[in-house]
Amino acid sequence: MTAVATQTEPRREVGPEGNEVATPRVRGAARRLVFWIAIGVIVVLLVGSVIILGGGQSASTARLSGTNPKPTGAKALIQVLRQDGVQVSTPRSLTKAMKDVSAEPTSTTLVLYDRSGILDSPSLGQLDNLASDLVLIEPDFDALQALAPSVRAAGFASSIATANCSYQPAVRAGTVAGLGRAYRVDSGVDATHCFGSDGAYSFVRVDTGNSHVSVLGSATMLDNASILRGGNAAFALGLFGATKHVVWYLPSFEDSATAADGVIPNPAWVGLLIALAVMVGLAAAFWRGRRLGPIVVERMPVIVRSNETVEGRARLYQKANARLHTIDALRMGTLSRLATTCGLSRRASIEEILGAVASATGAGIGDLRALLVDDVPRSDADLVRMSDAMLELETRSAKSTRPS
């Protein structure tokens, strides 16, 4: 029988270890790469989501950060202070802030803006009397108790107020805008209070003897969007420029109590990232799994005899004039049957099959390899001759291995 493989099938060759090797076509390789290209796109999207969602937690985008150029940052104020000769450091941890202050404590202003209430009472206590000037921006109850116990919260103040005090930076500013919280001071305490009335003020400065503690009830008046409103800039430069060194400290989650115990809390964007990953996983599962389903059995309208199928396939091979593909198909079938006849497993290598057949039939290894691996048919006659030789080899092997 003459049989030839169609040109659309991959070329099959025998590797150095005797294993069959299929040479893939370009179209088939590209089709297999589609899945991995899609995975790469998903990874890029995930990384972009992490950058976008995690950006709000970075130092460059935090509220009142000295490196934040957005409206909520304080980069404009920090740059002007530096231009005026003030050395400004922006630590993001309690340890670094204490180290920066300890270098020149008598000529340093420590600014604390703990918007999320990260520092606990013991951590806040470490900042007490650390610097000659301490400025608390919108402090909560714990910060006031630890660092300014004589100051109490007193609701909210007017958004625009005049100085009405003798503190020189406030006097030069005149009127400031963007105020928020108000505070009052216990009676008998040596303190200066500005920007308010009737015992509620947005700025309070307490003299503790060894240092000064200033409480400012508004972070808005210091940000990039409001620093130029009214006398905000004059007041801020006078308040923070009184010393030659300013430590602008914004606590991060690493300073929290759980982080000190060795457990660092997850940033807020972790939950969003997990939800996004779950949605992407479900989409990928639907995309890849939609082709799978139960096997559908269809009734054939006619019964096709096996010999007709073989003849039809052989005619296609012959029409394509691909003798190498044909002999490879015949060899694979022959090697599989010879392995079964010799009692070998399906995973047996070609060398093992050739050795077993040679022992059973007495044929030479070289002749067997030429027939089953190496020889290439040059004509249809060669193809028929090699097919007959393989059939005869199967018959001899079966007789040699069958018990007498």
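This is a predicted model: local features need pLDDT of at least 70, side-chain atom pairs count only at pLDDT 80 or more; totals for chains, interfaces and linings use all residues.
Local features need pLDDT of at least 70, side-chain atom pairs count only at pLDDT 80 or more, and totals for chains, interfaces and linings use all residues. Residues are numbered from 1 along each chain as its sequence is written, and side-chain values use heavy atoms, with hydrogens and water left out.

Nine salt bridges were found in a search of the whole structure (a side-chain nitrogen of Lys or Arg within 4 Å of a carboxyl oxygen of Asp or Glu). One of them joins Arg63 to Asp223, at 3.9 Å from N to O. Arg63 lies in the loop between helices H1 (26–54) and H2 (75–83), and Asp223 in the loop between strand E12 (212–216) and helix H7 (232–240), so the pair ties together parts 160 residues apart in sequence. Helices (H or I, at least four residues) and strands (E, at least two) are DSSP runs, numbered from the N terminus. Both Arg63 and Asp223 are buried (under 20% relative accessible area; exposed is over 50%, partly exposed in between; 1.4 Å probe, protein chains only).

Glu351 and Arg369 also form a salt bridge, at 1.9 Å from N to O. Glu351 belongs to helix H12 (residues 350–361) and Arg369 to helix H13 (residues 365–374), 18 residues apart. Glu351 is partly exposed at 41% relative accessibility. Arg369 is partly exposed too, at 23%.

Helix H10 (residues 306–320) has 15 residues. Its first and last C-alpha atoms are 21 Å apart, close to the 21 Å expected (1.5 Å times one less than the number of residues). Just after H10, Asn321 has a positive phi of about 55°.
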